[in-house]
Amino acid sequence: MSSQLFGLIVVAAILFAALLLLLVSGVIKYIPNDRIGVVEKLWSPSGSVQSGLLALNGEAGLQPELRRGGFHFFAPFQYRVHIHPMVSVTQGTIGYVFARDGIDLPAGQTLADNSGIDDFRDVRAFLNNGGQKGPQRKILREGTHIINPALFVVMTGEATYSMSLDAKEKIYYEQMRGLLDERSGFTPVVIKETTGSHDSDQLAVVTVQDGPGLLKDELLAPDVGDTHNAFQEPEKFIAAGGRRGRQERVLVEGTYFINRLFATVEFIKKTVIPVGFVGVVVSYTGRKGPDLSGTEYSHGELVESGCRGVWRDPLMPGKYAFNTYAGKIELVPTTNFVLMWKSGESGSNFDKNLREITLITKDAFEPQLPLSVVVHIDYRKAPMVVQRFGNVAQLVEQTLDPMVSSYFKNVSQTKTFIELIQSRSELQHNASEDMKQRFQAYSLEFQEVLIGTPKPQQGDNKIENIMAQLRDRQIAREQVETFAQKQIAADKERELNEAEQRAAKQKELTGSLVDISIKENQGAANVKAAEKRRQEIEALAQAERFKQEMEGSGRASAIRSVGEAEAAAIQAKSEAMQGEGADKQLMQTVMLRLAEAFEASKVPLVPQIQMGGGDNNAFSTLLGLMSAIKAGELTASTEKE
C-alpha cells in the first residue's frame, strides 16, 4: 500500500511539475472571448526593436498582431500574452484615438493625418503607411473595436483603453480627458429647435483647430462647400482648402459627430427679424464687390449679398442662421415709428435720450416744447440709412434731434408766447410741410408732427401768470356765453310750456280743425257742383238759343218774303186806292200775318235769353217795320201842314 501511495504521489508531482512548467513556459495561453491578447516576444534571434514601439520584423518586443479568444500555443519561454478588454464605444458617444508610435507631427499640424489610414485595426499598415503619432483626426463611433492597446490609446467617456503607461503619459492623457470633458467631446453636437427649451433657435459656430492658417485680412475661414459633411470628415475639409480658425459656415438643426480636438463649437442664437422690420447686413467678410448705390449716392458703397460691406438688399422678416462673427444685422423699422421729445416717455427704442426743446420766444419767454414726430423708412432705402448713419439710433440723436430742435427754435423767435400758444395748429401745419423736404434728404419719409403744450421750466412763474390771465379771460367769456345760454334756455322753457298746454288741448283742437276741414271740403264740393251745373246750363242755353235763332231766322225770312209780297200787293192796292186808309190797311195786314207766324212757330215774341246785341230776330224786325210806318205818317202830316 505504501508503495502504491508513493507512486501516486510521484505521478501527481510530475503532473503538477509539468503543468507548472507549461504555465511558466507560456506554451499554452487561454484568452476569453470578450478579451484580446497582446503578444510580447521575450527573445528573438533577430534581436530587440531598434526603433519604434512595436516589433514589425520579428524582433523581441510587442508584436503588432493581436490574439482573440481561445487557447493559443507558443514556443516555451519565448512569448508573453497580455490580456486586455476590447474597446467599447457606447451608443451615441465618440471615442478618441491616440497613437503612441508613428511619424512625428510636422510644425503647424495639430492632429495626425489619417488620409492614408483606413482602419486602426491594422497596426502594421498604420505604421508602414506613414501613420503619425499623437491624437488622430479620425474618431471612433459606437460599437466594439479590436485595437491594439500597445500602439493606440483609446479614450471614451467611460474609460481609457491602453497598456501600462508611465507617469508622464498618465498626466498627458488625464489632461486630454479634461479638455474633452470641457468641450463635451464625448457626445455629438446636437442642435434642435424645441419650443420652450433653452436650446431653441440656436446655431453653432465652428472653430477649426487644425489645417492651414487664415490668409491676410481674413477674419473668418471661407466656406469650402459641403464635401466635408459639416466638419465631420476633417481630411476632406482640409483637402477642399479649409483653413483653421472660426468658420464662416455655421451648423443648424441636426446631430454632428465632430472631433472636438479638430473643431470646437459655440452656440449662439439665430437672428430673428420681426414683422415691421428689415435687417440690413453689414458683412465683415467676403469678396470685394462693385458699388451698387449709384452715382448720385456719395455716402458709401452698397454691395451685393455675400460681399464685404453693406448689402444692398435687406433681409425680410423671418429667422436666419446668421453668423454674428461674420457681420451684424441692423434692424430698421418699416412701419411708422414715433420719436418723442419728452422726458420720461418714449414712442420707440430710438428716442430714449430725447428731451423737450427749450425755446426763446419773441417776448423773451423760455418755454419747453414737447412734441412727437411720426417717421417712416422705406425698406428699400434702409441700407442707405445704415450706410450713412450706422443705425437708426445714431440717425435720431446725431441728425434728427438737432434739425428738429433748430427748426422750432427759429420759429419761436418770431412769435410771442401767447401767439405761440394760440397758433399751435398753424405752427403744426407749417412744420409738417417744411419738414417733409428736410427728411427726404436723409432717405426718410416724414409723416406727421404733433406739438404739445409749451410748459415753463422748473422755477419759472412768469409763464404760469400769463396762463392764469388767459384762463381768467376765458372764464369771463364762458360766463357771458353761459348767461346767453340761460336766456335761451328760459325762452325754450316758455315755448315748452306753451307746447305742453297746446298738447293738453290737442284733442279738442284737432276735432275743431277736422270739422273746419270737413266744412271747407263740403263747401268746395258744393261750389264745384254749382260751377258744373252753371256750365251745363250755359251749354244748354247756348244750344237752345242757337236752335231758336236758326228756326226764327228761317221763319223770319219766310215772313219777310211773304210780307214783302203782301206789302207790294198792298202798295199796289194803296196806289190803286189812292186814299189815306191804305197804310192802315197795310199795317193791319202785316200785324195779322205776324201774329199767325208767331202762333204757328211757338216762338216767344221776346226771347227768354238775350245773348247778343244783334237785330236778327222777329221782334226787332217788327219794331223796325212799325217804326218805318210811323215815320211815314209823321212825314205825311208834316207835308200837309
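Q: How many salt bridges does the structure hold?
A: It holds 26 salt bridges. The term is used for a side-chain nitrogen of Lys or Arg within 4 Å of a carboxyl oxygen of Asp or Glu. A word on the basis: this is a predicted model, in which local features need pLDDT of at least 70 and side-chain atom pairs count only at pLDDT 80 or more, while totals for chains, interfaces and linings use all residues. Residues are numbered from 1 along each chain as its sequence is written, and side-chain values use heavy atoms, with hydrogens and water left out.

Q: What makes the pair Asp-113 and Arg-137 a salt bridge?
A: Their side chains meet at 3.7 Å, N to O. That value is within 4 Å, so the pair qualifies. It links distant parts of the chain, 24 residues apart: Asp-113 is in the loop between strand S7 (95-99) and helix H2 (123-128), and Arg-137 is in strand S8 (residues 134-140). Helices (H or I, at least four residues) and strands (E, at least two) are DSSP runs, numbered from the N terminus.

Q: Why is Arg-137 called buried, and what is Asp-113 called?
A: Buried means under 20% relative accessible area, exposed means over 50%, and partly exposed is in between (1.4 Å probe, protein chains only). Arg-137 has 7% relative accessibility, so it counts as buried. Asp-113 has a relative accessible area of 26%, so it is partly exposed.

Q: Which residues are linked with Asp-113 and Arg-137 in a network of salt bridges?
A: The network also takes in Asp-210, Glu-235 and Arg-244. As background, side chains of opposite charge can pair when their charged atoms come close.

Q: How do you know that Glu-233 and Lys-236 form a salt bridge?
A: Their side chains meet at 3.1 Å, N to O, and the distance is within the limit, so the name applies. Glu-233 is partly exposed, with a relative accessible area of 28%. Lys-236 is also called partly exposed, at 44% relative accessibility.

Q: Why are Arg-494 and Asp-491 separated by about one helical turn?
A: Because they are three residues apart in helix H9 (residues 462-504). At 45% relative accessibility, Arg-494 counts as partly exposed; Asp-491, with a relative accessible area of 31%, is partly exposed.

Q: Why does His-376 count as buried?
A: Its relative accessibility is 17%, so it falls on the buried side of the cut-off. His-376 lies in strand S26 (residues 371-376).

Q: What makes the reach from the side chain of His-376 to the backbone oxygen of Thr-334 a polar contact?
A: The distance is 2.8 Å. A polar contact is a pair of N or O atoms within 3.5 Å; within protein, one must be able to donate a hydrogen and the other to accept it, and residues adjacent in sequence count only if both atoms are side-chain atoms. Leaving aside neighbours within four places in sequence, His-376 is in contact (heavy atoms within 4.5 Å) with Thr-334, Thr-335, Asn-336, Leu-444, Glu-445 and Gln-447.

Q: Where is Phe-231 found, and why is it called buried?
A: Phe-231 is found in the loop between strand S13 (202-208) and H4. Its relative accessible area is 2%, so it is buried. Its phi is near 65°, a positive value in a residue other than glycine.

Q: Is Ala-364 buried or exposed?
A: Ala-364 is at 59% relative accessibility, so it counts as exposed. It lies in the loop between strand S24 (357-358) and strand S25 (368-369), and its phi is near 70°, again a positive value in a residue other than glycine.

Q: Which residues line the largest cavity?
A: The lining consists of Leu-369, Leu-420, Arg-424, Leu-427, Ile-451, Gly-452 and Pro-454. On a 1 Å grid over the protein atoms alone, a cavity is a set of points where a 1.4 Å probe fits but cannot get out, and lining residues have an atom within 4 Å of a point.

Terms used: 1 Å grid on protein atoms, 1.4 Å probe; cavity = no way out; pocket = protein on both sides within 12 Å on 5 of 7 lines; lining within 4 Å.
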